[in-house]
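Please read these points with the chain open in a viewer.

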Amino acid sequence: MSGQLKKNGIWESYKPMILLLIGIVAGSIIGLIYGERAIVLKPFGQIFLNLMFTAVVPLVFFSLASSIAKMSNMKRLGKILRNILGIFCITGMFAAIIIIIIVRIYPPAQGVVMDFGEYVQPEKANLLDQLVKALTVGDFNLILSKNAMLPLIIFAMTFGYCVSAVNKAKGVTTSALVDVLDMCSEVFMKMISIIMLYAPIGLGAYFAALIGQFGADLLGAYARAILMFYPICIIYFLTAFTGYAYYAGGKKGVKLFYKNIFPVVLTSLATQSSVATLPTNFESGKKIGVPEDISSITLPLGATIHMDGTALTTLMKIAFLFGIFNMEFTGIGTWATAIAISVMSGVVISGIPGGGMMGSLIIVAFYGFNPEVIPIIVTIGILTDAMATMINATGDCVASMMVARRVEGKGWMEKSIENSEELKVDTIV
């Protein structure tokens, strides 16, 4: 009976990913068998893309705005948030730099060139003009588009902050508007989950057309990308996170991190969601000794905007697209742009199972790639989602340790040990 329960638990945890992979594998087989005749299935894939396009903008707005609007206690919160965002950005950029080095040595799509039409590079402008176009739009209606994801993110976060500030001015901790934003966020999350029920069929149909058109070269490129991604994540976990934990609390920090992090590892791999891992992360943070007010802000915010695993995946996608369009992934400007996109993509897709679609929209819109490549890089996200989410979720925990060190001082862990009999016993043992 116990074995049966375990089997059911594994199936329920991995069911979406398994069904997606079944759909993609089935579509690939159809494409290999029927060749170019399989292109007739492409409209069924386009339906899925169109459904996602219509839901992604309101989802991003409401999820970010509601998260920021619910924050309170601005003075300490400000100090915590500054350190949270600084640590998140530093660790995200570090992860991005590591994978840029690796993909330069071992390109994930080397030798694979597919004809998606001629690549049209976006019109060049000076640096300030590019910055303006990347971060803002000229009219409100323009922000309600998948082509303006970065301005939308900034607008949503600013809107949420203003709601929180107005509530504070009125002396209330919440309001009807906060409840509406929160409810709308849940509604669109539900809508995405409903759309994803069609994903195995939609992506399967798209892949039947892709494989029918481009053959087995695409599958070989995927195998190359995945074989390099999983070892990268494991090495990053063991090296970078050990260093972060040591910075946060020395040898005690490393010991307590590894003693308590594996429930978070298993939960994140099973659920593929930083949000679903939050309860386990809260428990691990408590056992490590992270102050409650720090963990209660860092962990939920990290589940929304933490980006270590996302940075690794996003850079893999960008390098993959540069490869299939036979473009050189070189130059400080190219790398800096890719790092910036990888960090910003974390705001959109962390904490949302299968949310690689949203980050893919940013990549395609920013670089001007043919939108037909979206299913290709979405599949990279599917194949790497579990491992990337594990890096995101466990990274939230170690980031909360670093925030505690920055906010409470170098001796924060000793204070926690003195105030906790359980931690005191662990340290003595």
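1. Phe 241, Phe 329 and Met 401 touch the most other members of the largest nonpolar core, which has 105 residues. A nonpolar core here is a set of buried Ala, Val, Leu, Ile, Met, Phe, Trp, Tyr and Cys residues joined through side-chain atoms within 4.5 Å. Buried means under 20% relative accessible area, exposed over 50%, and partly exposed in between (1.4 Å probe, protein chains only). Helix α15 (residues 374-408) gives this core its largest share, 18 residues. Helices (H or I, at least four residues) and strands (E, at least two) are DSSP runs, numbered from the N terminus.

2. The model is predicted: local features need pLDDT of at least 70, side-chain atom pairs count only at pLDDT 80 or more, and totals for chains, interfaces and linings use all residues. Residues are numbered from 1 along each chain as its sequence is written, and side-chain values use heavy atoms, with hydrogens and water left out.

3. For the chain as a whole, there are 17 helices and zero strands. Of its 429 residues, 50% are buried. Among contacts (heavy atoms within 4.5 Å) with a separation of 6 or more, 82% join residues 24 or more positions apart. The chain exposes about 19,800 Å², and carbon and sulfur atoms supply 66% of that area. Accessible areas come from the Shrake-Rupley method with a 1.4 Å probe; for residues, only the protein chains shown count as cover.

4. Which residues does Met 401 touch, not counting those up to four places away in sequence? They are Ala 245, Ala 248, Gly 253, Phe 257, Ile 288, Val 290, Trp 412 and Met 413.

5. Ile 391 is in helix α15 and is buried, with a relative accessible area of 0%. Leaving aside neighbours within four places in sequence, Ile 391 is in contact with Cys 233, Tyr 236, Phe 237, Phe 241, Asp 308 and Gly 309. Ser 268 is 123 residues from Ile 391 in sequence, while their C-alpha atoms are 8.7 Å apart.

6. Ile 288, one of the residues touched by Met 401, is also among the buried residues of helix α10 (residues 278-288). The buried residues of α10 are Leu 278, Thr 280, Asn 281, Ser 284, Gly 285 and Ile 288. They lie on the same side of α10 because they cover an arc of only 155 degrees around the axis, the arc being that of the directions from the helix axis to the C-beta atoms. Pro 279 and Lys 286 are exposed on the other side of α10. After α10 comes Gly 289, with a positive phi near 105 degrees.

7. Helix α3 (residues 74-105) holds Asn 83, which counts as buried at 14% relative accessibility. Beyond its neighbours within four places in sequence, Asn 83 is in contact with Val 403, Arg 406 and Val 407. Ile 90 is also found in α3, but Ile 90 is exposed, at 57% relative accessible area.

8. Ile 90, Met 93, Ile 97, Ile 101, Ile 105 and Tyr 106 make a nonpolar surface patch of about 610 Å². Patches are made of residues with over 30% relative accessible area and no salt bridge: like charges are joined within 9 Å, nonpolar side chains (Val, Leu, Ile, Met, Phe, Trp, Tyr) within 5 Å.

9. A salt bridge is a side-chain nitrogen of Lys or Arg within 4 Å of a carboxyl oxygen of Asp or Glu, and the count comes to one. Lys 252 forms a salt bridge with Glu 414, with 3.6 Å between the closest N and O atoms. Lys 252 lies in helix α8 (residues 217-260) and Glu 414 in helix α16 (residues 412-419), so the pair ties together parts 162 residues apart in sequence. Lys 252 is partly exposed at 34% relative accessibility, and Glu 414 is partly exposed at 37%.
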